[in-house]
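User: Hi, could you walk me through this protein chain in plain words? I would like to start with the overall layout and then look at a few residues.

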Amino acid sequence: MADPARAAKLAQRIKVVVAEALGRRIKDPRVEGITITDARVTNDLQHATVYYTVFGDEIAQADAARALEKAKGVLRQEVGRNITVRLTPTLEFVADLIPVNASNLEALLRTAKERDAEVAALAAGAKHAGDADPYKSDATQDADIDEDDFDEEDIDLRADEDIDEDGGK
């Protein structure tokens, strides 16, 4: 079992080697629009998965997949020459779906932005169902009164009865 950091370094090196070999060594015109986006190597360094994207439609993508499958031996030989491991890893090429997913997300975000604009336009001309401030009171408020403002002597609980200073009747 190799160190995961070593596997990551090897994956980056394989990505560079495969990209250079596609441009320099492979003469197939079907690999012209291929971009190597990522590579991952298993921790035992025996298997490498190389992710790629293709500029073009579905036909160009299918042609590129066939070209990569055909050139797999030559590309593995190039990787073996340019890396320093005991065994050359096998290569597997996988079409990278990140650009497709990104375009789908962009379309969803564009739709959400349009709907937000519609809601904002509807809200601009809308009125409140009731009062603008439902907690607004018609009574005038002189001042805020706290319970600390009153002493027990100041409160007249029995306004209709006379109370002398001793508290008697």
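User: What is the mean pLDDT of the protein chain?

Analyst: The mean pLDDT is 82, and 79% of the residues reach 70 or more, where pLDDT is the predictor's confidence in each residue on a scale from 0 to 100. Where pLDDT is low, the predicted coordinates should not be read in detail.

User: And how much of the protein chain is buried?

Analyst: Of the 169 residues in the protein chain, 21% are buried. Buried means under 20% relative accessible area, exposed means over 50%, and partly exposed is in between, using a 1.4 Å probe and protein chains only.

User: OK, on to the helices. How far does α2 reach from its first C-alpha to its last?

Analyst: Helix α2 (residues 58–70) has 13 residues and reaches 18 Å, which is close to the 18 Å expected at 1.5 Å a residue; the expected span is 1.5 Å times one less than the number of residues.

User: Which residues of α2 are buried, and why do they line one face of the helix?

Analyst: Ala64, Ala67 and Leu68 are the buried residues in α2. Seen down the axis of α2, they fall within an arc of 95 degrees, so they line one face of the helix; the arc is that of the directions from the helix axis to the C-beta atoms. The face of α2 turned away from this buried side carries the exposed residues Glu58, Ile59 and Lys70.

User: What do the buried residues of α2 pack against?

Analyst: They pack against α1 (4–24), β1 (34–41), β2, α3 (72–82) and β3 (90–95). Packing is judged by contact, which means heavy atoms within 4.5 Å.

User: Which residues are buried in α3?

Analyst: In α3, the buried residues are Leu75, Glu78 and Val79. Seen down the axis of α3, these residues fall within an arc of 100 degrees, so they line one face of the helix. Gly73 and Arg81 are exposed on the other side of α3, while the cover over the buried residues of α3 includes α1, α2 and β3.

User: Let me pick a residue in α1. What is Ala21 in contact with?

Analyst: Ala21, which is found in helix α1, is in contact with Ile26, Leu75 and Glu78, leaving aside its neighbours within four places in sequence. Ala21 is buried, with a relative accessible area of 0%.

User: Now the strands, please. Is Thr49 buried or exposed, and what does Thr49 touch?

Analyst: Thr49, found in strand β2, is buried because its relative accessible area is 13%. Not counting residues up to four places away in sequence, Thr49 touches Asp38, Ala39, Arg40, Glu92 and Val94. Val94 lies in strand β3 and counts as partly exposed, at 25% relative accessibility. The C-alpha atoms of Val94 and Tyr51 are 4.9 Å apart in space, although the two residues are 43 residues apart in sequence.

User: Last topic, the loops. Where does Leu45 lie?

Analyst: Leu45 lies in the loop between β1 and β2, and at 7% relative accessibility Leu45 counts as buried. Leu45 also has a positive phi of about 60 degrees although it is not a glycine.

User: And which side chain does Asp28 join in a polar contact?

Analyst: The side chain of Asp28 joins that of Arg30 in a polar contact of 2.8 Å. A polar contact is a pair of N or O atoms within 3.5 Å; within protein, one must be able to donate a hydrogen and the other to accept it, and residues adjacent in sequence count only if both atoms are side-chain atoms. Asp28 is found in the loop between α1 and β1, and Asp28 counts as buried because its relative accessibility is 16%.

Key. Residues numbered from 1 in each chain as written. Predicted model: local features only at pLDDT ≥ 70, side-chain atom pairs only at ≥ 80, totals over all residues. Heavy atoms only, no water. Helix = DSSP H or I, 4+ residues; strand = E, 2+ residues; numbered from the N terminus.
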